[in-house]
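Here is a short briefing for a first look. Keep the sequence and the 3D view side by side.

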Amino acid sequence: MAGTALPPGPPAQLLALQRLAGNQAVSRLLTQPEPTVQRLATMTGLKSEHAQKVLKNHLKGDPPFKPQRGNFGEVSWFAGSGNPYVGGQAQSYDVTIDVVINPDPVKLPATYFADFVRQYVRQTRADLDDPSTHHNFWVALGRALETGGAQEVPIDRSAVSKQGGGTFVVVGGSARESIRLGNAAKLSQDLGGSAATTAQVIERRRTTRAAWFTVVFDRVPPDQAQAGAPQRALVLHVTPPASFSKAEKTFPAMGWGDKKVPASVSVTFTLTYADYSIARRQAKRLATAIGDGRLAGHRVALAGGTGWSGKETRSYRS
(Lines give C-alpha, C1' and ligand atoms only; values in the text may rest on other atoms or scores of the structure.)
Protein backbone atom coordinates (compact mmCIF):
# COMPACT_ATOMS: atom_id res chain seq x y z
CA MET A 1 0.00 0.00 0.00
CA ALA A 2 3.02 2.30 0.05
CA GLY A 3 2.37 5.37 -2.05
CA THR A 4 -1.36 4.63 -2.26
CA ALA A 5 -4.05 6.46 -0.32
CA LEU A 6 -7.26 4.71 0.61
CA PRO A 7 -10.33 6.84 -0.17
CA PRO A 8 -11.79 8.07 3.12
CA GLY A 9 -15.22 6.66 3.90
CA PRO A 10 -18.12 8.95 4.79
CA PRO A 11 -19.13 9.10 8.47
CA ALA A 12 -22.26 7.15 7.66
CA GLN A 13 -20.09 4.13 7.04
CA LEU A 14 -19.48 3.88 10.77
CA LEU A 15 -23.06 2.69 11.05
CA ALA A 16 -22.05 -0.36 9.03
CA LEU A 17 -20.10 -1.49 12.09
CA GLN A 18 -23.45 -2.55 13.52
CA ARG A 19 -23.69 -5.13 10.74
CA LEU A 20 -20.22 -6.58 10.95
CA ALA A 21 -19.54 -9.92 12.56
CA GLY A 22 -15.80 -9.89 13.34
CA ASN A 23 -13.04 -7.51 14.34
CA GLN A 24 -13.68 -4.99 11.55
CA ALA A 25 -13.17 -1.30 10.97
CA VAL A 26 -13.65 1.79 8.85
CA SER A 27 -10.19 3.14 8.07
CA ARG A 28 -8.08 5.93 6.75
CA LEU A 29 -4.44 6.09 5.72
CA LEU A 30 -2.07 8.30 7.72
CA THR A 31 1.17 9.32 6.01
CA GLN A 32 4.34 9.61 8.09
CA PRO A 33 6.87 12.45 7.52
CA GLU A 34 8.78 10.19 5.13
CA PRO A 35 6.73 10.05 1.90
CA THR A 36 7.21 6.29 1.45
CA VAL A 37 6.44 5.25 5.05
CA GLN A 38 2.80 4.86 6.02
CA ARG A 39 0.66 3.26 8.66
CA LEU A 40 -2.93 2.09 8.40
CA ALA A 41 -5.17 3.61 11.08
CA THR A 42 -8.55 1.97 11.66
CA MET A 43 -11.52 2.02 14.00
CA THR A 44 -13.06 -1.29 15.00
CA GLY A 45 -16.38 -2.02 16.69
CA LEU A 46 -16.58 -4.49 19.57
CA LYS A 47 -18.92 -5.45 22.36
CA SER A 48 -17.91 -4.05 25.75
CA GLU A 49 -16.78 -7.38 27.20
CA HIS A 50 -14.48 -7.99 24.25
CA ALA A 51 -13.18 -4.42 24.33
CA GLN A 52 -12.29 -4.94 28.01
CA LYS A 53 -10.13 -7.91 27.03
CA VAL A 54 -8.46 -5.89 24.27
CA LEU A 55 -7.57 -3.16 26.77
CA LYS A 56 -6.35 -5.73 29.31
CA ASN A 57 -4.04 -7.28 26.69
CA HIS A 58 -2.63 -3.83 25.95
CA LEU A 59 -2.03 -3.05 29.63
CA LYS A 60 -0.20 -6.35 30.06
CA GLY A 61 2.14 -5.31 27.26
CA ASP A 62 0.68 -7.72 24.70
CA PRO A 63 -0.67 -6.94 21.23
CA PRO A 64 -4.34 -6.11 21.88
CA PHE A 65 -6.00 -8.55 19.46
CA LYS A 66 -5.67 -12.32 19.25
CA PRO A 67 -6.16 -13.43 15.63
CA GLN A 68 -5.96 -17.07 16.68
CA ARG A 69 -9.37 -16.64 18.34
CA GLY A 70 -11.09 -15.20 15.29
CA ASN A 71 -14.63 -16.26 14.41
CA PHE A 72 -13.92 -16.41 10.66
CA GLY A 73 -10.61 -18.20 10.41
CA GLU A 74 -7.75 -17.59 12.85
CA VAL A 75 -7.44 -13.97 11.76
CA SER A 76 -8.66 -10.54 12.87
CA TRP A 77 -10.77 -8.64 10.33
CA PHE A 78 -10.62 -4.86 9.86
CA ALA A 79 -12.50 -2.95 7.14
CA GLY A 80 -10.18 -1.04 4.88
CA SER A 81 -12.32 0.91 2.42
CA GLY A 82 -15.79 0.96 0.93
CA ASN A 83 -18.64 -0.96 2.55
CA PRO A 84 -17.97 -4.70 2.31
CA TYR A 85 -19.48 -7.25 4.67
CA VAL A 86 -18.10 -10.38 6.29
CA GLY A 87 -20.05 -12.88 8.28
CA GLY A 88 -23.33 -14.69 8.21
CA GLN A 89 -24.87 -13.32 11.35
CA ALA A 90 -25.76 -9.83 12.58
CA GLN A 91 -24.15 -8.42 15.70
CA SER A 92 -24.22 -5.03 17.38
CA TYR A 93 -21.37 -3.15 19.03
CA ASP A 94 -21.26 -0.50 21.69
CA VAL A 95 -17.55 0.44 21.68
CA THR A 96 -15.32 1.66 18.86
CA ILE A 97 -11.55 1.26 19.16
CA ASP A 98 -8.78 3.16 17.38
CA VAL A 99 -6.30 0.70 15.91
CA VAL A 100 -3.04 1.18 14.03
CA ILE A 101 -1.52 -1.50 11.79
CA ASN A 102 2.13 -0.90 11.00
CA PRO A 103 3.77 -1.70 8.64
CA ASP A 104 1.22 -1.60 5.86
CA PRO A 105 -0.56 -4.84 4.95
CA VAL A 106 0.26 -6.55 1.67
CA LYS A 107 -2.30 -5.65 -0.99
CA LEU A 108 -3.69 -8.76 -2.68
CA PRO A 109 -4.54 -8.79 -6.42
CA ALA A 110 -7.87 -7.26 -7.46
CA THR A 111 -9.03 -10.67 -8.76
CA TYR A 112 -8.26 -12.54 -5.51
CA PHE A 113 -11.81 -12.53 -4.14
CA ALA A 114 -13.54 -13.45 -7.41
CA ASP A 115 -11.06 -16.28 -7.96
CA PHE A 116 -11.66 -17.56 -4.42
CA VAL A 117 -15.45 -17.47 -4.87
CA ARG A 118 -15.24 -19.53 -8.05
CA GLN A 119 -12.93 -22.09 -6.46
CA TYR A 120 -15.06 -22.33 -3.30
CA VAL A 121 -18.30 -22.90 -5.24
CA ARG A 122 -16.62 -25.48 -7.44
CA GLN A 123 -15.29 -27.43 -4.44
CA THR A 124 -18.31 -27.17 -2.11
CA ARG A 125 -21.24 -26.83 -4.55
CA ALA A 126 -22.55 -24.13 -2.19
CA ASP A 127 -25.41 -21.90 -3.37
CA LEU A 128 -24.17 -18.47 -2.24
CA ASP A 129 -27.55 -16.93 -3.06
CA ASP A 130 -28.71 -18.74 0.09
CA PRO A 131 -27.70 -16.62 3.13
CA SER A 132 -27.40 -19.74 5.28
CA THR A 133 -24.25 -20.66 3.33
CA HIS A 134 -22.47 -17.35 3.96
CA HIS A 135 -21.02 -18.11 7.38
CA ASN A 136 -19.12 -21.16 6.12
CA PHE A 137 -17.91 -19.19 3.12
CA TRP A 138 -16.34 -16.45 5.27
CA VAL A 139 -14.79 -19.02 7.59
CA ALA A 140 -13.19 -20.69 4.56
CA LEU A 141 -11.85 -17.36 3.27
CA GLY A 142 -10.40 -16.53 6.68
CA ARG A 143 -8.68 -19.90 6.87
CA ALA A 144 -7.16 -19.36 3.44
CA LEU A 145 -5.62 -16.11 4.73
CA GLU A 146 -4.32 -17.34 8.11
CA THR A 147 -0.65 -17.71 7.21
CA GLY A 148 -0.30 -14.54 5.14
CA GLY A 149 0.36 -12.05 7.93
CA ALA A 150 -1.32 -8.67 7.39
CA GLN A 151 -3.12 -8.43 4.03
CA GLU A 152 -5.55 -6.06 2.35
CA VAL A 153 -8.18 -8.24 0.69
CA PRO A 154 -10.46 -6.99 -2.11
CA ILE A 155 -14.15 -7.80 -1.53
CA ASP A 156 -16.40 -7.46 -4.57
CA ARG A 157 -20.09 -6.66 -4.26
CA SER A 158 -21.70 -10.06 -4.64
CA ALA A 159 -24.18 -12.51 -3.12
CA VAL A 160 -22.07 -12.62 0.06
CA SER A 161 -21.61 -8.83 0.24
CA LYS A 162 -24.75 -7.36 -1.26
CA GLN A 163 -24.54 -3.96 0.41
CA GLY A 164 -21.27 -3.09 -1.31
CA GLY A 165 -17.65 -3.86 -2.06
CA GLY A 166 -14.33 -2.53 -0.91
CA THR A 167 -11.49 -4.06 1.05
CA PHE A 168 -10.84 -5.74 4.38
CA VAL A 169 -7.55 -5.82 6.21
CA VAL A 170 -6.97 -9.31 7.55
CA VAL A 171 -4.26 -9.97 10.14
CA GLY A 172 -3.07 -13.47 10.98
CA GLY A 173 -1.20 -14.63 14.05
CA SER A 174 2.25 -14.17 12.51
CA ALA A 175 1.56 -10.42 12.19
CA ARG A 176 -0.23 -9.98 15.51
CA GLU A 177 2.42 -7.60 16.81
CA SER A 178 1.70 -5.21 13.93
CA ILE A 179 -1.64 -4.31 15.60
CA ARG A 180 -1.57 -1.51 18.19
CA LEU A 181 -4.19 0.52 20.02
CA GLY A 182 -4.32 4.05 18.69
CA ASN A 183 -5.68 5.60 21.91
CA ALA A 184 -5.70 3.37 25.00
CA ALA A 185 -6.67 6.24 27.32
CA LYS A 186 -9.80 7.00 25.27
CA LEU A 187 -10.77 3.33 25.24
CA SER A 188 -10.42 3.22 29.02
CA GLN A 189 -12.71 6.24 29.33
CA ASP A 190 -15.26 4.74 26.93
CA LEU A 191 -15.35 1.65 29.12
CA GLY A 192 -15.99 3.74 32.22
CA GLY A 193 -12.41 4.00 33.43
CA SER A 194 -10.02 6.91 33.82
CA ALA A 195 -7.51 7.97 31.19
CA ALA A 196 -5.18 9.11 33.97
CA THR A 197 -5.47 5.76 35.73
CA THR A 198 -4.69 3.91 32.52
CA ALA A 199 -1.59 6.00 31.99
CA GLN A 200 -0.51 5.36 35.57
CA VAL A 201 -0.93 1.59 35.22
CA ILE A 202 1.18 1.56 32.06
CA GLU A 203 3.88 3.72 33.63
CA ARG A 204 3.94 1.70 36.86
CA ARG A 205 4.40 -1.55 34.98
CA ARG A 206 7.14 0.01 32.87
CA THR A 207 9.09 1.31 35.85
CA THR A 208 8.63 -1.53 38.35
CA ARG A 209 9.13 -4.57 36.14
CA ALA A 210 12.55 -5.37 34.76
CA ALA A 211 13.06 -5.32 31.02
CA TRP A 212 14.89 -8.65 31.00
CA PHE A 213 14.27 -12.36 31.37
CA THR A 214 16.47 -15.45 31.51
CA VAL A 215 16.47 -18.51 29.27
CA VAL A 216 18.17 -21.67 30.56
CA PHE A 217 19.18 -24.50 28.24
CA ASP A 218 19.77 -27.41 30.63
CA ARG A 219 21.85 -30.56 30.15
CA VAL A 220 23.27 -29.60 26.77
CA PRO A 221 25.91 -32.02 25.43
CA PRO A 222 29.32 -30.29 25.62
CA ASP A 223 29.94 -30.53 21.87
CA GLN A 224 26.57 -28.84 21.13
CA ALA A 225 27.25 -26.11 23.67
CA GLN A 226 30.67 -25.47 22.17
CA ALA A 227 29.16 -25.31 18.68
CA GLY A 228 26.60 -22.69 19.80
CA ALA A 229 23.46 -24.82 19.32
CA PRO A 230 21.49 -23.17 22.17
CA GLN A 231 22.09 -19.67 20.82
CA ARG A 232 21.13 -20.70 17.29
CA ALA A 233 17.87 -22.18 18.62
CA LEU A 234 17.15 -19.03 20.63
CA VAL A 235 17.60 -16.46 17.87
CA LEU A 236 14.99 -18.18 15.70
CA HIS A 237 12.20 -17.22 18.10
CA VAL A 238 12.96 -13.79 19.59
CA THR A 239 13.88 -10.43 18.12
CA PRO A 240 17.42 -9.19 18.85
CA PRO A 241 17.66 -7.79 22.40
CA ALA A 242 19.28 -4.48 23.25
CA SER A 243 21.89 -6.51 25.15
CA PHE A 244 22.41 -10.03 26.40
CA SER A 245 24.78 -12.05 28.57
CA LYS A 246 25.66 -15.71 28.51
CA ALA A 247 26.85 -17.95 31.32
CA GLU A 248 27.82 -21.62 31.25
CA LYS A 249 28.12 -24.19 34.01
CA THR A 250 29.72 -27.56 33.28
CA PHE A 251 28.59 -30.77 34.98
CA PRO A 252 31.08 -33.66 34.77
CA ALA A 253 30.03 -37.22 34.01
CA MET A 254 28.77 -39.06 37.07
CA GLY A 255 27.57 -42.52 38.08
CA TRP A 256 28.80 -46.04 38.40
CA GLY A 257 28.39 -49.15 36.33
CA ASP A 258 25.54 -48.95 33.86
CA LYS A 259 23.98 -45.92 35.56
CA LYS A 260 26.15 -43.15 34.22
CA VAL A 261 25.10 -39.57 33.54
CA PRO A 262 27.18 -38.07 30.74
CA ALA A 263 28.86 -34.70 31.06
CA SER A 264 26.64 -31.75 30.23
CA VAL A 265 26.55 -27.97 30.18
CA SER A 266 23.86 -25.57 31.46
CA VAL A 267 23.73 -22.43 29.30
CA THR A 268 21.91 -19.37 30.67
CA PHE A 269 21.07 -16.34 28.53
CA THR A 270 19.84 -13.07 30.01
CA LEU A 271 18.04 -11.00 27.36
CA THR A 272 17.47 -7.29 27.99
CA TYR A 273 15.09 -5.18 25.90
CA ALA A 274 14.15 -1.50 25.75
CA ASP A 275 11.26 -1.91 28.21
CA TYR A 276 9.23 -4.47 30.11
CA SER A 277 6.44 -4.67 27.53
CA ILE A 278 8.82 -5.69 24.76
CA ALA A 279 10.61 -8.17 27.01
CA ARG A 280 7.33 -9.78 28.03
CA ARG A 281 6.18 -10.17 24.43
CA GLN A 282 9.46 -11.85 23.49
CA ALA A 283 9.23 -14.19 26.49
CA LYS A 284 5.71 -15.19 25.46
CA ARG A 285 6.84 -15.80 21.89
CA LEU A 286 9.59 -18.09 23.16
CA ALA A 287 7.20 -19.83 25.58
CA THR A 288 4.85 -20.53 22.67
CA ALA A 289 7.73 -22.02 20.66
CA ILE A 290 8.63 -24.25 23.60
CA GLY A 291 5.03 -25.33 24.08
CA ASP A 292 4.38 -26.29 20.47
CA GLY A 293 7.59 -28.28 20.12
CA ARG A 294 9.68 -25.93 17.98
CA LEU A 295 12.53 -26.26 20.48
CA ALA A 296 12.27 -30.05 20.58
CA GLY A 297 15.52 -31.64 21.66
CA HIS A 298 16.30 -28.91 24.21
CA ARG A 299 15.42 -28.71 27.89
CA VAL A 300 14.46 -25.05 28.26
CA ALA A 301 13.13 -22.95 31.14
CA LEU A 302 12.23 -19.23 31.20
CA ALA A 303 12.04 -16.88 34.16
CA GLY A 304 10.92 -13.24 34.21
CA GLY A 305 13.08 -10.50 35.65
CA THR A 306 12.61 -8.50 38.83
CA GLY A 307 9.00 -7.49 39.43
CA TRP A 308 7.46 -10.00 37.03
CA SER A 309 4.45 -11.72 38.58
CA GLY A 310 4.49 -15.33 39.63
CA LYS A 311 1.79 -16.07 37.06
CA GLU A 312 3.93 -14.62 34.28
CA THR A 313 7.02 -16.55 35.30
CA ARG A 314 5.12 -19.78 35.88
CA SER A 315 3.54 -19.63 32.43
CA TYR A 316 6.96 -19.43 30.82
CA ARG A 317 8.33 -22.68 32.21
CA SER A 318 8.73 -25.60 29.84
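Helices (H or I, at least four residues) and strands (E, at least two) are DSSP runs, numbered from the N terminus. A helix's expected span is 1.5 Å times one less than its number of residues. This is a predicted model: local features need pLDDT of at least 70, side-chain atom pairs count only at pLDDT 80 or more, and totals for chains, interfaces and linings use all residues. Residues are numbered from 1 along each chain as its sequence is written, and side-chain values use heavy atoms, leaving out hydrogens and water.

**Confidence**
- The chain's average pLDDT (the predictor's confidence in each residue, from 0 to 100) is 80, and 83% of the residues score at least 70.
- Over residues 1–39, the pLDDT is below 50.

**Helix 2**
- Helix 2 (residues 112–124) has 13 residues and reaches 18 Å from first to last C-alpha, close to the expected 18 Å.
- F113, F116 and Y120 of helix 2 are buried (under 20% relative accessible area; exposed is over 50%, partly exposed in between, with a 1.4 Å probe and protein chains only).
- On the other side of helix 2, R118 and R122 are exposed.
- Just after helix 2, R125 takes a positive phi of about 60°.

**Aromatic residues**
- Rings of Phe, Tyr and Trp (its six-membered ring) pair if their centres lie within 6.5 Å; planes under 30 degrees apart are stacked, over 60 edge-to-face, the rest tilted.
- That rule gives 13 aromatic pairs.
- The rings of F65 and F78 are edge-to-face, because their centres are 5.4 Å apart and their planes at 85°.
- W77, F113, F116, Y120, F137, W138 and F168 form one aromatic cluster.

How values were computed. Contact means heavy atoms within 4.5 Å.
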